[in-house]
Amino acid sequence: MTIELYVFPPSPRAFKVMTVANHLGLDWTLRFVDLTKGEQKTPQYAALNPNMRMPTLTDGDYVLWESNAMGQYLASKRPESG
Ligand SMILES: N[C@@H](CCC(=O)N[C@@H](CS)C(=O)NCC(=O)O)C(=O)O
């Protein structure tokens, strides 16, 4: 199962999560959420993240809404990385 990151890359909250994922060498897929178009407020996105904010991480059915929690979760995938 591939990790998906729903992000608006210019945001620091987005790129810190993307940076951790890349630093750890994890496979992940970018799902672009265009904040300039209000895509975080669409019903489809709200169903995933009721806070209607970005970023969101999915790993199968597992969903996270908090960027710092995402960093911890990603790190837990590579405990050997230190
Ligand atoms: N505590 C959340 C905050 C997320 C957050 O505030 N995201 C902002 C962008 S940095 C957002 O999606 N804003 C869109 C909005 O409020 O409509 C986290 O760190 O993930």
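Mentor: What follows is a walk through the strands, a helix, the core, a loop and the ligand shell.

Trainee: What kind of model is it, and how are residues numbered?

Mentor: This is a predicted model, in which local features need pLDDT of at least 70 and side-chain atom pairs count only at pLDDT 80 or more, while totals for chains, interfaces and linings use all residues. Residues are numbered from 1 along each chain as its sequence is written.

Trainee: In which sense do strand 1 and strand 3 pair?

Mentor: Strand 1 (residues 3–7) runs antiparallel to strand 3 (residues 56–59), with four bridges between them, and isoleucine 3 has aspartate 59 as its bridge partner. Helices (H or I, at least four residues) and strands (E, at least two) are DSSP runs, numbered from the N terminus, and two strands pair if DSSP finds at least two bridges between them.

Trainee: And how many bridges join strand 3 and strand 4?

Mentor: Three bridges join them, again in the antiparallel sense, strand 4 being residues 62–64; threonine 58 stands opposite valine 63 there. The hairpin of these strands has two residues between them, and glycine 60 takes a positive phi near 65° in it.

Trainee: Switching to helix 3, which residues are buried?

Mentor: In helix 3 (residues 67–76), the buried residues are Ser67, Met70 and Leu74. Their directions from the helix axis fall within an arc of 45°, so they line one face of helix 3; the arc is that of the directions from the axis to the C-beta atoms. Buried means that 20 or more other C-beta atoms lie within 10 Å of a residue's own, exposed means 12 or fewer, and partly exposed is in between, with C-beta atoms placed from the backbone.

Trainee: What is on the other side of helix 3, and what does the buried side pack against?

Mentor: Asn68, Ala69, Gln72 and Ser76 are exposed on the other side, whereas the buried residues pack against helix 1 (12–23), strand 3 and strand 4. Contact here means C-beta atoms, placed from the backbone, within 7 Å.

Trainee: Which residues make up the largest nonpolar core?

Mentor: It has twelve residues, including Leu5, Tyr6, Val7, Ala14, Met54, Met70 and Leu74, and strand 1, helix 1 and helix 3 each supply at least two residues. Such a core is a set of buried Ala, Val, Leu, Ile, Met, Phe, Trp, Tyr and Cys residues joined through C-beta atoms within 7 Å.

Trainee: Why does alanine 14 count as buried?

Mentor: Alanine 14 counts as buried because it has 21 C-beta neighbours inside 10 Å. Leaving aside neighbours within four places in sequence, alanine 14 is in contact with Val7, Phe8, Pro9, Met54 and Pro55, and its C-alpha atom is separated by 7.4 Å from that of methionine 54, 40 residues apart along the chain.

Trainee: What joins methionine 54 and proline 55?

Mentor: A cis peptide bond joins them, with omega about 10°, and proline 55 sits in the loop between helix 2 (43–48) and strand 3. Methionine 52 lies in that loop too, and has a phi near 55°, a positive value in a residue other than glycine.

Trainee: Last one: which residues surround the ligand?

Mentor: The ligand is surrounded by Ser11, Arg13, Leu35, Gln40, Arg53, Met54, Pro55, Glu66 and Ser67, where a residue is near a molecule if its C-beta atom, placed from the backbone, lies within 6 Å of it.

How values were computed: Contact = placed C-beta atoms within 7 Å.
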